[in-house]
Each structure stands twice: as structure tokens, then as C-alpha cells.
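Trainee: I would like to go through this structure with you, term by term. Could you show it to me before we start?

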Amino acid sequence: MKFLIVHESIIIRNIIRKYIAADYGQAAVDLCISSEKALPLLKTEKYDAVLSGMEMSGMDGFDLFAYMQTSAVNCETPMIIMTSADMDEQRKRLNEQYNQYILPIPCNFAQFRTLMYEVFHPEISDTRRNIPKPGALIRADHHIIPADIIRIAENSLVCEPACGDCPNCLTKASEITVGFSADYGRSGMIHLTGDLPEQIAAFEIADEFSEQKRLRIIWKVRWKHIELTRAVHKPVKISLTKDSEFCLDEKTENISLAKENENLKIATEALRAEKDDLLHEIAELRKRLSELGKTASETVINRIPLNALISEVARRSDDPAKISMFRQIIDENVRLRESES
């Protein structure tokens, strides 16, 4: 199946997309932020249903519906108007001019599911029967055949394949997956998968609405795993066999997460201890550097002669004894230089 959702709100688009995925898991869904962007798709793509907002800037829901009436591809496609307005005047206009379906926004999943069942089964007026029947996919050789489930038991099941004219293909059936709603107030689906080791019986029954015959088959079944999927949560797969290597249930996943958290806790404690040791070593090194600096400064001061610390300015002297002594030193230096040269 294929759906088109047209709405300016990304929240509304995502909610409706998840509702569709819950009941029509294999359906393709196109999303558009405005009616203008939806026009090229409506020209080329065939949809099973179009869900459009009513109150939108530019082309509103009425304009989009009028365009669909001129489309050669989607002129007969049912359209669901999503509106948050609850005014008598607008409801009167919708009922008089718009012979389609109305979905109030916000809505819950039960409202959505009931309306979609009315869209695809307009001949059924009893809302108590608006409960999706369990459907199944049969894997036979390289074919995937849809089927309706009549009865499910612990070791067997009865179903009506859609391809009643190909019994030879069904003799090679190896696996079946049954999908049905987990509950009827939330967006949940249960998928039950099992092997088909043996076909017990195959017979035809008369259709109560036509003269055609329907093929009904009874199979032995060996259930392998069950999977619960919800629109807003991670799927949970539970193994029904002891030797399953690929099915992990929620308990196993929780144990794995607990072990991982414990390992992270141990690693964190080790890093903290290493950090404390490094801080202690840094403190000791700083202390030693401080002591070495103090010792070096005292050593330098002790090596300096005391007369080098005198900061008095030299003064001129007229003492004859000093003058004669300086002259003698100068003369000796001159003679030494002359002898060296």
C-alpha cells in the first residue's frame, strides 16, 4: 500500500506516519509540508489514501481535494481531511461539499484505526467489526504469499492463501509470519513467526458472497519467535525456541546493559585512582622544586664576595701615596704589554 500525508506540522506528519506503520507495516509513505509540493506526486504516483490538513497556508484541504478530482491517477483515491477546527459552520461545509472522511486533530490511535477501516471497508457499517483480521505472509520457495488466518493453535494453523490458483507453490511453503494488533488503543503489532514442516490438509470452501471457491489449508507449525513492535518504541523480539541464535529478548538485553554499566563503573574508579596518584606525584615534585630553588639561591649568595656587595660610588682621592701606587701599577702593566708584543 502507498499513502500520502500532507500537513504543515512535522509533529502531525510523524504521528500519522507512525500510526500507518503500526497497522500497515510494509506500506510506503510520502510526506509533504504543503499542498503545492504534493501536486507533482499526485500527477505521477498512485496512492491508496491521501491524508491532508485542512488549515494550511496557500492551498488548503478543499483546494487539494479539488485538484485530486482532476487527476487522472488519483481521482478515485479516498482523501482524509485532518482538521483541528470544531465549528458548526466548517463542519456543515465539510459535510455538504466534501464527500470524504474527516479525522479530528489531535486524535488517538483507536480513532485513526477505526476511520482507516471505514475507508478501506466502506461496505461494513458495524463499527464493532472494524477490527483488523490477522494477516500472514507465507514464504514458499522464492515467493511470498499473503494469507488470511482462520485459526491459530499451539502446533497448527488454518489459513486461506490469497493465491488459490497456485497449490503447487504452496507445497513448498517453509515459513509463515502472522501479524495482528497487540491491543486496540495503542499503536502496537505482534508478529509471530514459525516454520511449516508439514501440510496436513488442503480443501476448498464456497464463498458466502460469491460463487467462487476459496482454498483453505491446515499446516503443522513450529513457532520460532514473537516480535512486538510499537510506533514509538524499540521492537522487542522474544525467542520461542531454546537453540535460537539470533533472537534476543528484553531480559538478555538488560543483562548485557547491566554488565556494560558495571564495566564502565570499574573503569571509572580505576581512572579516578590513577588521577589521585598523579596529583600526589605532582604535589611532591612541586615541593622538591621549591626546596631545590631555595638551596640554589642560598649557594649563589654564599659564593659572592662581601666587597662585591658594597654599593658605594667611587670617590676621587688626592692622597699622594695612592697616586704613586696607581702610577706604579700602570707602569708595570705597560711594560708587561710591551714585553709580550
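**Buried residues and salt bridges**

Mentor: At 18% relative accessibility, aspartate 23 counts as buried. Please keep in mind that this is a predicted model, in which local features need pLDDT of at least 70 and side-chain atom pairs count only at pLDDT 80 or more, while totals for chains, interfaces and linings use all residues. Residues are numbered from 1 along each chain as its sequence is written, and side-chain values use heavy atoms, with hydrogens and water left out.

Trainee: Why is aspartate 23 called buried?

Mentor: Buried means under 20% relative accessible area, exposed over 50%, and partly exposed in between, with a 1.4 Å probe and protein chains only. Aspartate 23 has 18%, so the word buried applies to this residue.

Trainee: What makes aspartate 23 and arginine 113 a salt bridge?

Mentor: A salt bridge is a side-chain nitrogen of Lys or Arg within 4 Å of a carboxyl oxygen of Asp or Glu. The closest N and O atoms of aspartate 23 and arginine 113 are 2.6 Å apart, so the pair meets that definition. Aspartate 23 lies in helix α1 and arginine 113 in helix α5 (residues 109-120), so the bridge ties together parts that are 90 residues apart in sequence. Helices here are DSSP runs (H or I, at least four residues), and strands are runs of E with at least two residues, both numbered from the N terminus. Arginine 113, with a relative accessible area of 4%, is buried as well.

Trainee: Which residues are linked in a network of salt bridges?

Mentor: The network links Arg139, Glu175, Asp195, Arg222 and Lys224. Within this group, the side chains of lysine 224 and glutamate 175 meet at 2.5 Å, N to O, joining strand β11 to strand β9 (residues 173-181) across 49 residues, and both residues are buried. The structure holds ten salt bridges.

Trainee: Why is isoleucine 10 called exposed?

Mentor: Isoleucine 10, found in helix α1 (residues 10-23), has a relative accessible area of 52%, and therefore the residue is exposed.
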